[in-house]
Amino acid sequence: MKKKFLSILIFVLGMFGLAQNVTAASAPSTIKTTGITQVKSYVSGVPTVYVKNTADGISIYCEEANKKFPRNSTMTLSREAHQGFVYIIDNEPNTGNSTVDYYIMQTAVWWFKDLVGGTSNLSSSAKNNIINSYNSNSVSKAIYDLVSGAKAFSQTSGSISLSGNTKFTISNGNYVSGEITISKRNVKSVNLKLVGAPSGAQIINKTSNSFQVSVPVSSVAAGSTVNFKVEASGVYYTYHAYEYFYDSSHQYVLLGELYSESHSVDDDISFSITKEEEKHNKLTIYKVDESGNYVKNAKLALYKGDCTNTTCASTNLYKSWTTDANYKYFDDVPVGTYTLVEESAPVGYLIANKQKVNITAQDGTYKVTMVDKKIAKVRISKTDITGTNEIAGATLVLKDSTGKEIDKWVSTTTAHYVDLKPGEYTLTETIAPKGYKLSETVITFKVDENNNVYEKVNGTFIKVDYIKMVNELKDKKSIKINKLDSETKEYVSGAILMIKNSKGETVATITTTNSASYIVLEAGEYVLSEEAAPSGYELTTEKIYFSVDDEGNIKIKNNGEYVDAVSLTVYNKKEEPEIIVVPKTGLTSTLTYIAGGIILAGGAAVLIKNGKEN
């Protein structure tokens, strides 16, 4: 079975980019022949053709028609065949009839061997018959074309060369070369390598025919020159056919298989960068988030003059750009005052404040960092009076300070999150969950520039982790209990509160968290007290006496009279730091140490004695 190797192997082996002269495949030292099969004649005068193969199924073509073929024998590798046979083997016809294909190949081998080896395989009349029937006999045409191609064939060596514009320009903080052209012949792929290049240098915009080189400006020292080169390497292949021999009474044969040999080729191109002594101002602008990561798609502008507190005039625009995952570098910025403005922020970020930039002296290096803060993602929970169980089915509406509706949703069993810019907002419930009373509470809260959330409680904004709207069951009304810092008015966690009824029985114990607590009580009179203070706070001794009516409304006892109230609030004062007086040094302290030592010694003696008695 014969294979077409030339076109396939050039592609497949070229992909591997072999870098040294090696034989990709070696011809076998011996071949084992099989029997022969006669083929009918297609051209008058051509000797009888017999199909011959190796035991491996590779076609064999005899080179001497007047000698015997050694059937079922072992033949030995004799020599490399003429290069013209490479062409014949690689261009085996494909008529659809394998015996016709073999006939064409064998006849072409005989004819070409007559041309290069001085043999007489084909008679003049046979050759004339092939030539004369070229246009009328497809077999004759195929034989003649193979022999003509073999006569003209020569294998082409491979080569690589690099040329182009090696000058550099500065772009976004990098020296970037002109386009370098890759010219190649008989080479499928080219490997490129930087040699002696500065740190951070890389090959960019590479195609099969060209590339550029990029070098960070920062990697070349001012007043210095760096020289480096790019090396290109590749592989091309030559192909060989081989003849085998049995003995002098038998014919030489041509093995119908090609074997490839790889050859490395290379070229290089030199580059040089000279960085002059910097006699101008350099400005680098970084656009990052609060974690220091680059922020993309922010539209920035740099204006001449100070317009931090006024509208920046378009006539004063110095530069404008959209950020990417890198800094913005300006070279040779004139001395003066500038204003950096974020004209639009990426989705999910707040527009940063304007920043004044002062370029004060020639030959200076300036860096400016503008930080974008993320828009607050505020959690809003809809819970029952436990404050922990999310309730589904409530319709909630969120509005800004102008009354504009920002968001509207139906609660689920998980909290709702919404992105909010700094400002004041109100939260209301328009439809209550099934089985719960409609909450008539309007929760007012605000978000500050640092994304902190504050809920308005008794006229004061108190910092909270999230906003929580509580629903009461239809047949019960809950009582809201606040535990706050007496100075900051922020919620305090960890206090243990106790509620007792008029009989002195404990009806509820509450451990406070960083939000309000809720409880349902039967009608009656109660007292609220603190049993354990939060860490870092003094115990509150104040007791709150209150009553609950049949509808769950509460009244607080004030100067002997009960007055209406909407919630119960207990304040804690932070502990005062303990002051320890250290005795002065001198005689008095020395005597104190001596006396203390005597006491400790006596104590130790007693302990030893007690230990023995026990």
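The crossing of α3 and α5 is right-handed, meaning that the near helix is turned clockwise from the far one by less than a right angle. This is a predicted model, in which local features need pLDDT of at least 70, side-chain atom pairs count only at pLDDT 80 or more, and totals for chains, interfaces and linings use all residues. Residues are numbered from 1 along each chain as its sequence is written, and side-chain values use heavy atoms, with hydrogens and water left out.

**Exercise 1.** Find how α3 and α5 pack, and which residues meet.

*Solution.* Start with the geometry: the two axes (lines fitted to C-alpha atoms over the stretch in contact) lie 9 Å apart at an angle of about 40°. That makes α3 oblique to α5; angles under 35 degrees count as roughly parallel, over 145 as roughly antiparallel, 65 to 115 as roughly perpendicular and the rest as oblique. Next, look for contacts (heavy atoms within 4.5 Å): from α3, the residues include W111 and F112, and from α5, they include I143 and L146.

**Exercise 2.** Describe the surroundings of T238.

*Solution.* First locate T238: its place is in strand β12 (residues 224-240). Now list its neighbours: leaving out residues up to four places away in sequence, T238 touches Q155, Y259, S260, E261 and H263. Finally, the side chains of T238 and H263 make a polar contact (2.8 Å); such a pair is N or O atoms within 3.5 Å, one able to donate a hydrogen and the other to accept it.

How values were computed
Axes fitted to C-alpha atoms, helices over the stretch in contact; angles between N-to-C directions. Helix = DSSP H or I, 4+ residues; strand = E, 2+ residues; numbered from the N terminus.
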